[in-house]
Amino acid sequence: MGCSTVMAQDTTKVAEKKKPSVDFTVQGDLVSSYIWRGMYQSGAAFQPTLGLGVGSFSLTAWGSVDFTGQGHKEADITAAYTIGDFTISVADLWWAGESGIKNNNKDGKNHYFNFDNHTTNHIVEAGLAYTLPIKKFPLRLSWNTMIWGADKKVNDKGETKQAYSTYIEAAYPFAVKSVDLVAAVGCSPWESQANYLNNRFAMTNVSLKATKVLHITERFEIPIFTQAIWNPNREDVHFVLGITLK
């Protein structure tokens, strides 16, 4: 009887140790302009994040709306699973805009719940990321391909097909004194007129992001970041200032 009790207690302890941790992310960014993979999306915007992490799995809802409330509006949901140094993800991207402004809906509706592959404004993107297991050189490589939805192209026969727009990026985080930096280089390897505006291989993003925490009081601090972004394909440049609230 006593032995069974001890075994039961040991089993409980083992179960407790194996129980995955649950984490929530609640934060928002204020940015001077919204630039995505080197592509201009909108002017000043508010970008909230709501995330749930359970062990190696995460589910994140992220959005962006410009300060006017009448232009760019985005709502993305991403599911990701990390295995060792690899992360596999599937994201639903939707940036049709407020009241059909960007998708030219004459009825003034956003049509978020339209999931017909031929007419939807949603895009499903599959991603794979790998971080080198080297502490002194934590280079992160990622590949993202749009596999379904409003990412189309017209072939030589006049047929509308999936474009499979792809973005490949190498990002390297490092620090200089109290400033965290991330240098990144990204490209679109083949034609993507719908999203990256290129006919062939194109470098779309060369950027450097710097983040510093401002200590307002002993209990209150605000992360602030700046980012310089160049898009060689578009011959464009952007400078972004942002504040994170969490």
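Strand 12 and strand 13 form a hairpin, with two residues between them. K177 sits in the turn and has a positive phi of about 60°. The two strands pair in the antiparallel sense over nine bridges. A175 has D180 of strand 13 as its bridge partner. Strands, like helices, are DSSP runs numbered from the N terminus (E, at least two residues, for strands; H or I, at least four, for helices). Two strands count as paired if DSSP finds at least two bridges between them.

This is a predicted model, in which local features need pLDDT of at least 70 and side-chain atom pairs count only at pLDDT 80 or more, while totals for chains, interfaces and linings use all residues. Residues are numbered from 1 along each chain as its sequence is written, and side-chain values use heavy atoms, with hydrogens and water left out.

**Barrel**

Twelve strands close it in the order 1-4-5-6-7-8-9-12-13-14-15-16, with antiparallel pairing. Neighbouring strands of this sheet are turned by 20° against each other on average, direction ignored. The angles run from 0 to 180 degrees between N-to-C directions, with axes as lines fitted to C-alpha atoms, for helices over the stretch in contact.

| Strands | Sense | Bridges | Bridge example |
|---|---|---|---|
| Strand 4 (residues 45–54) and strand 5 (residues 57–66) | antiparallel | eight | L52 with L59 |
| Strand 12 and strand 13 (residues 179–188) | antiparallel | nine | A175 with D180 |

Buried means under 20% relative accessible area, exposed over 50%, and partly exposed in between (1.4 Å probe, protein chains only).

What does W36 touch, leaving aside its neighbours within four places in sequence? W36 is in contact with Q41, W95, M146 and Y196. Contact means heavy atoms within 4.5 Å.

**Aromatic pairs**

The count of aromatic pairs comes to eleven. Rings of Phe, Tyr and Trp (its six-membered ring) pair if their centres lie within 6.5 Å; planes under 30 degrees apart are stacked, over 60 edge-to-face, and the rest tilted. W94 and Y112 form an edge-to-face pair, 5.2 Å centre to centre with 75° between the planes. W94 lies in strand 7 and Y112 in the loop between strand 7 and strand 8, so this pair links distant parts of the chain, 18 residues apart. W94 is buried at 3% relative accessible area, whereas Y112 is partly exposed at 23%. Ring pairs also link W36, W95, Y167 and Y196 into a cluster.

**Salt bridge**

The count here is one salt bridge. The rule asks for a side-chain nitrogen of Lys or Arg within 4 Å of a carboxyl oxygen of Asp or Glu. The side chains of E125 and R37 meet in it, at 2.9 Å from N to O. E125 lies in strand 8 and R37 in the loop between strand 2 and strand 3, so the pair ties together parts that are 88 residues apart in sequence. E125 is buried, with a relative accessible area of 5%. R37 is buried too, at 15%.
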